[in-house]
Amino acid sequence: MKPIPYGHQHIGEADIAEVVKVLRSDWITQGPAIKRFEDAVAHYCGARHAVAVANGTAGLHLAALALGANPGDLLWTSPITFTASANCARYCGADVDFVDIDPETSNLSLDVLERKLVRAKAAGRLPKILVPVHYGGQPCDMIRVGELARRYGFHVIEDAAHAIGSSFRGVRTGACRDSDMTVFSFHPVKVMTTGEGGMILTNRDVLYERLLMLRTHGITRDPAKMAEKSQGPWYYEQIELGFNYRMTDIQAALGWSQLQRLDEFVARRHALAKRYDQLLSDLPLRPLRQHPDAYSSLHLYVVRLDRQRTNRTHQVVFSQLLGNGIEVNLHYIPVYRHPYYRSLGYEPREFPEAENHYAEAITLPLYFDLGEREQERVVESLRQALA
Ligand SMILES: *Cc1c(COP(=O)(O)O)cnc(C)c1O
């Protein structure tokens with residue numbers, strides 16, 4: 001039987017037609033398809049500006065740079081995330097610390113955050129930037145994050161790699177009402193895709209200008225921004241150290257086309273997740289709690305082993321499912337456990353809830369084309385593994 005992956009893109013004929021149109025046009029990079037995609041995502045989310053970039057990681061890097069992350073600065077994020085959420089600080093020479101998670105949603109805990117801020121203020125070492133991660137597509141309570149940001153004076157970059165199409169109290173993720181910037185990823189396993197790709201949203205004009213410049217080598221062609229007088233029609237200046245983090249028009253065309261179906265993608269994920277909830281309800285597992293004010297994009301369907309009701313270990317369950325061709329996954333190895341971060345001196349016992357998550361979490365297959373029979377195969381395998 002064909003293996004069932006944990007995630008998979010859905011590419012339709014309309015997507016292919018949009019990409020072909022670009023291939024037949026004069027522009028395959030930095031042409032009109034980029035702006036059309038950026039405008040469409042900004043409009044969808046209700047943000048002023050959007051900047052398409054090569055991938056989500058590049059988006060996080062540019063966002064941290066645009067906020068002036070420097071050696072000596074501190075960035076806080078969740079330990080239960082892909083390492084890119086923390087790496088963006090390290091690229092800028094800034095330090096990283098982690099805020100333990102909420103055991104029910106596996107999002108960064110705002111109670112732990114608040115207590116940690118009180119201690120950090122007393123110690124004179126507040127973070128410059130907080131990166132809340134909308135784990136699995138469920139938005140954090142950004143209203144409360146925004147209040148804390150104003151009270152303690154830190155910046156906020158939402159790592160919304162999982163969360164395009166989600167909302168909190170009816171406000172779409174990416175609207176940036178309570179953050180400086182929001183970053184999406186369009187990697188193929190995410191909710192919608194451009195192959196590789198990412199986007200940064202912001203309402204702040206100054207940040208928008210900086211992001212555009214940093215995306216293209218730190219180069220400007222705007223005489224108002226130049227240090228010298230123009231030396232001729234060829235003239236441009238590199239005024240800071242930027243990167244080539246551009247997206248191609250080919251990717252942007254795919255992204256624009258996928259965006260037209262985003263709500264349908266998310267609705268399908270909800271239907272499948274609801275079915276998992278029902279089919280799994282008698283097993284010693286618990287799904288993540290969904291906050292009543294949050295509408296998740298459900299990038300991931302994660303269950304946690306209820307270790308009080310089963311003595312099956314993670315190891316055993318994973319081996320058995322993988323042996324049956326069910327490609328379950330574990331999101332995530334806590335970032336501080338990776339040797340690179342371990343060498344910077346974090347202590348797993350400072351993050352007991354992240355450790356519990358790591359001992360219990362299983363990501364089940366969830367993607368647009370997952371059939372009901374395949375879903376039943378997943379559930380049957382789990383049932384056997386836990387029997
Ligand atoms: C996928 C992901 C990223 C990075 O996105 P890429 O487009 O793969 O660079 C960052 N943060 C989280 C939480 C992710 O899941």
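Figure 1. Twelve aromatic pairs are counted here, where rings of Phe, Tyr and Trp (its six-membered ring) pair if their centres lie within 6.5 Å, with planes under 30 degrees apart called stacked, over 60 edge-to-face and the rest tilted. This is a predicted model, in which local features need pLDDT of at least 70, side-chain atom pairs count only at pLDDT 80 or more, and totals for chains, interfaces and linings use all residues. Residues are numbered from 1 along each chain as its sequence is written, and side-chain values use heavy atoms, with hydrogens and water left out.

Ring pairs join Phe-98, Tyr-336, Tyr-340, Tyr-341, Tyr-346 and Phe-351 into a cluster.

**Figure 2. Two ring pairs, one stacked and one edge-to-face.** A pair of aromatic rings is described by the distance of the centres and the angle of the planes. Twelve such pairs are counted; Tyr-336 and Phe-351 make a stacked one, at 4.7 Å centre to centre and 25° between the planes. This pair links distant parts of the chain, 15 residues apart: Tyr-336 is in the loop between α10 (314–323) and α11 (339–342), and Phe-351 is in the loop between α11 and α12 (352–360). Helices (H or I, at least four residues) and strands (E, at least two) are DSSP runs, numbered from the N terminus. Tyr-336 is buried because its relative accessibility is 1%, and Phe-351 counts as buried at 1% as well; buried means under 20% relative accessible area, exposed over 50%, and partly exposed in between (1.4 Å probe, protein chains only).

Tyr-340 and Tyr-341 form an edge-to-face pair, 4.9 Å centre to centre with 90° between the planes. Tyr-340 is partly exposed, with a relative accessible area of 43%, whereas Tyr-341 is buried at 2%.

**Figure 3. Strands β2 and β3 side by side.** Have a look at β2 (residues 74–77) and β3 (residues 95–98), which pair in the parallel sense over four bridges; two strands pair if DSSP finds at least two bridges between them. Trp-76 has Asp-97 in β3 as its bridge partner. From β2 the chain passes through helix α4 (residues 84–91) to β3, giving a right-handed β-α-β crossover: with the strands pointing away from the viewer, the path from the first strand over the helix to the second runs clockwise.

Also in β2 is Thr-77, which counts as buried at 0% relative accessibility. A polar atom of the Thr-77 side chain lies 2.7 Å from the backbone oxygen of Val-131.

**Figure 4. Charges over rings at Trp-76 and Tyr-44.** A charge sits over a ring if NZ of Lys or CZ of Arg is within 6 Å of the ring centre and within 35 degrees of the ring normal. Over the ring of Trp-76 sits the charged end of Lys-116, 5.2 Å from the ring centre. The charged end of Arg-172 is placed over the ring of Tyr-44, 3.7 Å from its centre.

Figure 5. A backbone N or O atom of Gly-56 is 2.8 Å from a ligand oxygen. An N or O atom in the side chain of Ser-185 is 2.7 Å from an oxygen atom of the ligand. Asp-159 contributes a side-chain N or O atom that lies 2.8 Å from a nitrogen atom of the ligand.

**Figure 6. Strand β1 and its partner β9.** All five of the five residues of β1 (residues 49–53) are buried, so the strand is largely enclosed by the rest of the structure. In a regular strand the side chains alternate between the two faces of the sheet. Here both faces are covered: His-49, Val-51 and Val-53 on one side, and Ala-50 and Ala-52 on the other, are all buried. β1 pairs with β9 (residues 198–202) in the antiparallel sense over five bridges, and Ala-50 stands opposite Leu-201 in β9.

**Figure 7. An open sheet of three strands.** The order is β7-β6-β13, and the pairing is antiparallel. β7 (171–172) and β13 (294–295) are the edge strands, each pairing on one side only. Two bridges join β6 (residues 167–168) to β13, and Ser-167 has Tyr-295 in β13 as its bridge partner.

Conventions: A polar contact is a pair of N or O atoms within 3.5 Å; within protein, one must be able to donate a hydrogen and the other to accept it, and residues adjacent in sequence count only if both atoms are side-chain atoms.
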